[in-house]
Amino acid sequence: MERIILLCLVSTCLSAIHAQKFLFSPKWGPVGYKEREENEGTAMDEIIKANGFQASRIIDGTTTLRDGDIAVSSGRRSKVCFARSCLWSKSVDGHVYVAYRLSTDYSEMETKMIKKGMESVEKGTCVRFVPRTHERDYVDIQPKSGCWSYLGARGGRQTVSLQSPGCLRVGVISHEFMHALGFVHEQSRFDRDKYVTIMWPNIWRDRLRNFEKFKTDNLDLPYDYGSIMHFGMFAYSQDGSPTIIPKNNQNSKDIKLGQASSLSHIDKMKINKLYKCGGKDDY
């Protein structure tokens, strides 16, 4: 009898372990998320992971997510801004001050992390994030469901969602603030097919629109494989196969797509050029 009980206990434990592996297998994770080594991921991988579990593609009655994390509203304020169409105002001192209000729901440590994300955008650029006092236009940073932002300055209050804890990583925070400044994902550039191949058969059918191209202003800057705004190689993969591959050249195997924690040099150049700031050495 004791042997039967022991065998049942062992069998139950093994079944639980098997079930745990099944439940947490990348195959059954959120759409577009592929489990990889710790240092291989990108900011967008973390965003896909957070939004896949927590955020609906419809984030409220009138707002949907485009390209995975860009909020788009229907109705009166439905205009989608690209490049120079919706810029934040530039001060006479040459800086671009972006006022923000930070939710009191964030802890002290979470607040410090968000400010580190801001500092990552500020370093080497003319952008400065300042606590809101009386400014009409400002970003309202809230721990809503998922990681997302509107594109460019919309006028008035605009939400940046940084859910805790999934979105509270420096790279993710910087990525969302780049959207708020007016930048789309790097592989959305109209000329992207010169530099990468989109592996359409490997992408989940209901996420194909996340790989559309847009007629954006590339600011006469080179394509940036390492941009904080670039999708990772496995973004929205339905079976773990690559969805974006660099074009064939001698160094294509060594090219890493996307960035995990900080803006690239070209990202900073984009900000300064879009907002007509001086050279990065001035900041």
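Guide: Just after α5, Lys276 takes a positive phi of about 55°. The model is a predicted one.

Visitor: What makes helix α5 "largely enclosed"?

Guide: A residue counts as buried when its relative accessible area is under 20%. In α5 (residues 265–274), seven of the ten residues are buried, so the helix is largely enclosed by the rest of the structure. The buried residues are Ile266, Asp267, Lys268, Lys270, Ile271, Asn272 and Leu274. Their cover includes α3, β4 and α4.

Visitor: Why is Ser188 called buried?

Guide: The cut-off is under 20% relative accessible area. Ser188 has 0%, and is therefore buried. Ser188 lies in the loop between α4 and β8 (196–198). Leaving out residues up to four places away in sequence, Ser188 touches Asp67, Glu212, Lys213 and Phe214.

Visitor: Why are helices α3 and α4 called oblique to each other?

Guide: The axes of α3 (residues 108–122) and α4 (residues 170–181) cross at roughly 55° and come within 8 Å. That angle makes α3 oblique to α4, because under 35 degrees would count as roughly parallel, 65 to 115 as roughly perpendicular and over 145 as roughly antiparallel. The crossing in which α3 passes α4 is right-handed.

Visitor: Which residues of α3 and α4 meet there?

Guide: From α3 come Met113, Ile114, Lys116, Gly117, Met118, Ser120 and Val121, and they meet Val170, Ile173, Ser174, Phe177 and Leu181 of α4. By class, this contact of α3 with α4 has eight nonpolar, three polar and one charged residues.

Visitor: What makes β1 and β4 edge strands?

Guide: The open sheet has seven strands in the order β1-β2-β6-β7-β5-β3-β4, with mixed pairing. Strands β1 (63–66) and β4 (127–131) each pair on one side only, and are the edge strands. On average, with direction ignored, neighbouring strands of this sheet are turned by 35° against each other.

Visitor: How do you know that β6 pairs with β2 and with β7?

Guide: Two strands pair if at least two bridges are found between them. Strand β2 (residues 70–73) and β6 have two bridges, in the parallel sense, and β6 has three with β7 (residues 157–162), running antiparallel. Both counts therefore meet the requirement. Ala71 stands opposite Tyr150 in β6, and Trp148 has Ser161 in β7 as its bridge partner. The hairpin of β6 and β7 has six residues between the strands, and Gly152 there takes a positive phi near 75°.

Visitor: What about β5 and β7: in which sense do they pair, and over how many bridges?

Guide: Strand β5 (residues 138–142) pairs with β7 in the parallel sense, over five bridges. Val139 stands opposite Gln158 in β7. Helix α4 packs on the sheet, touching β2, β3 (96–102), β4, β5, β6 and β7, and its direction makes about 15° with that of β6.

Visitor: How do you know that both faces of β6 are covered?

Guide: Cys147 and Ser149 are on one side of β6 (residues 147–150), and Trp148 and Tyr150 are on the other. These residues are all buried, on both sides, and that is what is meant by covered here.

Conventions: Residues are numbered from 1 along each chain as its sequence is written. This is a predicted model: local features need pLDDT of at least 70, side-chain atom pairs count only at pLDDT 80 or more; totals for chains, interfaces and linings use all residues. Side-chain values use heavy atoms; hydrogens and water are left out. Buried means under 20% relative accessible area, exposed over 50%, partly exposed in between (1.4 Å probe, protein chains only). Helices (H or I, at least four residues) and strands (E, at least two) are DSSP runs, numbered from the N terminus. Axes are lines fitted to C-alpha atoms, for helices over the stretch in contact, and angles run from 0 to 180 degrees between N-to-C directions. A crossing is left-handed if the near helix is turned anticlockwise from the far one by less than a right angle, and right-handed if clockwise. Contact means heavy atoms within 4.5 Å. Ala, Val, Leu, Ile, Met, Phe, Trp, Tyr, Cys and Pro count as nonpolar, Asp, Glu, Lys and Arg as charged, and the others, Gly among them, as polar.
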